[in-house]
Amino acid sequence: MEPISDKTATTTAGPDQPELSWTALLEAYRVGPKEKWSGVLVERLGPWLASARQRLFAVPPYLDDEDVAQELVFVVLRIAARWRPRCEDRWVPRKLVEAAEDRVRAWLCRERSSQTDELTDELRASEVPEPELVLDTPIGKASVEDLRLIYRVKVLGEPISALAQRAGISPRQMRHRVKEARERARAAVSAAGDRP
């Protein structure tokens with residue numbers, strides 16, 4: 001986007017009104033009725049908006065070229081409603097549209113990354129459901145929770161106090177749980193050992 005000349009830096013807001021600089025036009029849009037000044041602002045920004053629009057690509061099938069163009073205008077007006085330029089008047093349209101272009105590009109990138117593939121009739125689910133977890137152990141009276149608790153204490157060496165804190169009980173109650181779990185596991189082993 002090239003800077004504009006001093007001659008194009010002013011415009012008329014109407015047949016009876018004086019010419020406005022870019023800074024004055026932004027101020028009029030900020031404080032005046034937005035319906036009146038938004039059309040003037042967008043019309044003056046037309047060449048910069050067209051140039052920015054050529055660099056932004058739609059995200060089909062959800063966003064087409066018209067959606068991108070509308071979003072660009074919407075973002076330009078939203079920025080113009082708050083922005084107070086600190087640059088020469090001739091650079092105002094370029095800075096305004098470039099800021100809007102960056103935001104719309106980020107929005108389009110988010111849209112692209114969040115797209116998912118559509119499911120069609122051609123994609124088939126597996127005929128076999130997920131296998132169920134089966135424990136084939138000689139410990140018939142010990143539950144899965146008992147086995148986990150014993151494993152964490154005896155194999156991993158986790159402290160009883162840490163396990164008790166995670167479970168929300170006292171260390172004494174946790175020691176009692178471990179003892180009961182071990183007894184249930186031993187009962188199955190000793191019963192299997194009694195068989196002829």
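## A charge over Trp22

Arg44 sits over the face of Trp22, 3.8 Å from the ring centre. This is a predicted model. Trp22 has 2% relative accessibility, so Trp22 counts as buried.

## The aromatic pair

A search of the whole structure turns up one aromatic pair. Its partners are Trp22 and Trp48. The arrangement is edge-to-face, with 90° between the planes. The ring centres are 5.8 Å apart.

This pair links distant parts of the chain. Trp22 belongs to helix H1, residues 22-31. Trp48 belongs to helix H3, residues 46-54. Trp48 shows 8% relative accessibility; buried means under 20%, so Trp48 counts as buried.

## Where H1 meets H5

Trp22 also takes part in a helix contact. The axes of H1 and helix H5, residues 92-114, come within 9 Å. They cross at roughly 50°. That angle makes H1 oblique to H5.

Which residues in H1 and H5 meet? From H1 come Trp22, Thr23 and Leu26. From H5 come Val92, Pro93 and Leu96. Of the residues in this contact, five are nonpolar and one is polar. No charged residue is part of the contact of H1 with H5.

## Trp22 in summary

Arg44 lies over its face. Trp48 pairs with Trp22 edge-to-face. In the contact of H1 with H5, Trp22 is one of the H1 residues.

Notes:
Residues numbered from 1 in each chain as written. Predicted model: local features only at pLDDT ≥ 70, side-chain atom pairs only at ≥ 80, totals over all residues. Heavy atoms only, no water. Phe/Tyr/Trp six-rings, centres within 6.5 Å; stacked < 30°, edge-to-face > 60°. Helix = DSSP H or I, 4+ residues; strand = E, 2+ residues; numbered from the N terminus. Buried < 20%, exposed > 50% of the residue type's maximum accessible area, 1.4 Å probe, protein only. Lys NZ or Arg CZ within 6 Å of the ring centre and 35° of its normal. Axes fitted to C-alpha atoms, helices over the stretch in contact; angles between N-to-C directions. Parallel < 35°, antiparallel > 145°, perpendicular 65-115°, else oblique. Contact = heavy atoms within 4.5 Å. Nonpolar A, V, L, I, M, F, W, Y, C, P; charged D, E, K, R; others polar.
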